[in-house]
Amino acid sequence: MRHERLRDRILYCDTCGISFLWSAEEQRAAGAGPASPRPQRCAACRRLAPAPGRERGLVKWFHRRKSYGFLVRTGSPDLFVHGSALPSGVRLYPGDLVEFHVETGERGPLAAGVTVLLPAAEADQAD
Ligand SMILES: [Zn+2]
């Protein structure tokens, strides 16, 4: 196998369309070769947008004793969330920013693999 030198490459973000640099250093750090798949998204979109296959939303309400509630999503109906979709010990509060994927349960769509990105209490402090 011929050793090819890695070069800085200009790529276009699949999400927002802006150009971004995929530096030789980053390629090296990722163990990438010239034929490796390129990053699909710019650094900002990687940080701001949900991971592929996942969505973000806000907790509408969550009933702790009954262990279920609903999430509000942009452009989609509110989503059922059951306590079993949360890591143990994690509680949801109205206004929490959460990330999750959507599964289909017996009664329709529901949130799974829920993680809290920003608790509402911290979001309020940022105002
Ligand atoms: Zn982008």
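Which residues make a nonpolar surface patch of about 340 Å²? The patch is made by Ile-10, Tyr-12 and Leu-21. The structure is a predicted model, in which local features need pLDDT of at least 70, side-chain atom pairs count only at pLDDT 80 or more, and totals for chains, interfaces and linings use all residues. Residues are numbered from 1 along each chain as its sequence is written, and side-chain values use heavy atoms, with hydrogens and water left out.

**Domains**
- The assignment, which is automatic or from a database, gives domain 1 (9–48) and domain 2 (55–125).
- The C-alpha centres of domain 1 and domain 2 are 31 Å apart.

**Zinc site**
- The zinc ion has the protein donors Cys-13 (SG), Cys-16 (SG), Cys-42 (SG) and Cys-45 (SG), at 2.3 to 2.4 Å; donors are N, O and S atoms within 2.8 Å of the metal (3.2 Å for Na, K and Ca).
- Along the chain, the donors of the zinc ion follow the spacing C-x2-C-x25-C-x2-C.
- The site is tetrahedral, with angles of 106 to 115° among its four donor atoms; four donors count as tetrahedral if all angles lie between 85 and 135 degrees.
- Ideal angles for four tetrahedral donors are 109.5 degrees.
- Cys-42 is buried at 2% relative accessible area, and Cys-45 is buried at 11% (buried means under 20%, exposed over 50%, partly exposed in between, with a 1.4 Å probe and protein chains only).

**Salt bridges**
- The count comes to five salt bridges, each a side-chain nitrogen of Lys or Arg within 4 Å of a carboxyl oxygen of Asp or Glu.
- Arg-38 pairs with Asp-14, with the closest N and O atoms 3.0 Å apart. Arg-38 lies in the loop between α1 (24–29) and α2 (43–48) and Asp-14 in the loop between β1 (9–12) and β2, so this pair ties together parts 24 residues apart in sequence.
- Glu-99 and Arg-56 meet at 2.7 Å, N to O. Glu-99 is in strand β6 (residues 97–105) and Arg-56 in strand β3 (residues 55–63), so the pair ties together parts 43 residues apart in sequence.
- Glu-99 is buried at 8% relative accessible area, whereas Arg-56 is partly exposed at 25%.
- Arg-54, Arg-56 and Glu-99 are linked in a network of salt bridges.

**Nonpolar patch**
- Patch residues have over 30% relative accessible area and no salt bridge; like charges are joined within 9 Å, and nonpolar side chains (Val, Leu, Ile, Met, Phe, Trp, Tyr) within 5 Å.
- Leu-21 is located in strand β2 (residues 19–22); strands (E, at least two residues) and helices (H or I, at least four) are DSSP runs, numbered from the N terminus.
- Leu-21 is partly exposed because its relative accessibility is 45%.

Note on methods: Areas by Shrake-Rupley, 256 points an atom, 1.4 Å probe, with all protein chains shown as cover. Tetrahedral: all angles 85-135°; square planar, octahedral: opposite > 155°, others 65-115°.
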